[in-house]
Amino acid sequence: MQSRGGNKLDLKVKLYADGANINDMKAQYKNGVVSGFTTNPSLMKKAGVKDYVSFAEEVVNEIPDMSISFEVFADDFDQMKLEARKIAEFGENVYVKIPITNTRGESSIPLIKKLSSEGINLNITAVFTIDQVKEILSVISPKSKTIISVFAGRIADTGINPVPTMEDAVSLCKSHENVELLWASTREVFNIVQANEVGVDIITCPTDILNKLHMLGMDLEELSVETVKGFYKDVESLGYSIL
């Protein structure tokens with residue numbers, strides 16, 4: 001992967017930026033390291049987005065040629081369907097994020113099947129299990145480009161190694177030409193290495209992780225010195241004295 005700034009990243013996995021700060025998104029688009037964007041309601045809240053439609057329209061206008069995922073807000077499937085159709089109208093590069101379940105634990109598979117048959121590009125989110133991946137794959141239409149977002153980071157938060165799950169998901173998804181597997185809830189730069197080794201199509205990263213990409217392959221002796229310099233700089237700014 002070659003950035004417009006000239007830094008070479010030896011990765012096959014595609015990097016997507018995860019966030020809803022429009023200024024960060026424009027900067028990441030200009031930098032050229034990422035090849036797509038994902039958002040969600042929690043990120044919009046954190047970024048202070050006040051008007052969903054205005055925000056989405058501005059994003060698509062600023063980023064017209066990369067995949068962008070916008071999530072439905074409703075918890076009712078009929079309302080989700082209407083929202084999904086509206087979101088899909090924002091642009092041809094837009095993917096509609098549909099959670100695999102609603103807050104009552106009811107499966108969204110029937111809705112996914114319906115929207116997929118209409119040719120709407122989908123990003124199925126909050127996926128945690130291989131059974132969920134299998135269910136999604138069983139109903140998607142060739143008319144619809146589909147991303148399956150498995151929350152590997154949150155799987156790891158439970159003390160379970162997410163790599164076997166992602167390996168199984170890769171095997172299942174690779175036979176579907178219109179499906180891409182996404183490693184979601186990235187916690188550290190090493191997750192990018194893991195996703196790349198497993199063969200995941202996409203990994204979505206928050207800004208703080210993207211800002212650490214320069215550390216990939218960094219010499220550890222050099223990093224040791226850089227770390228101590230950081231400590232010393234803080235010492236000087238604090239003005240503390242031990243003796």
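In which sense do S1 and strand S2 pair, and over how many bridges? Select residues 36-38, which form S2: this strand and S1 pair in the parallel sense over three bridges. Two strands count as paired if DSSP finds at least two bridges between them; helices (H or I, at least four residues) and strands (E, at least two) are DSSP runs, numbered from the N terminus.

The model is predicted, so local features need pLDDT of at least 70 and side-chain atom pairs count only at pLDDT 80 or more, whereas totals for chains, interfaces and linings use all residues. Residues are numbered from 1 along each chain as its sequence is written, and side-chain values use heavy atoms, with hydrogens and water left out.

Asp 18 stands opposite Thr 38 in S2. Tyr 16 stands opposite Thr 204 in S8, the strand of residues 202-205 that runs parallel to S1 and is joined to it by four bridges.

Now display the whole sheet. Eight strands close into a barrel in the order S1-S2-S3-S4-S5-S6-S7-S8, with parallel pairing.

Finally, select residues 146-150 (S6) and 179-183 (S7), which pair in the parallel sense over five bridges. Within the strand pair, Ile 148 stands opposite Leu 181 in S7.
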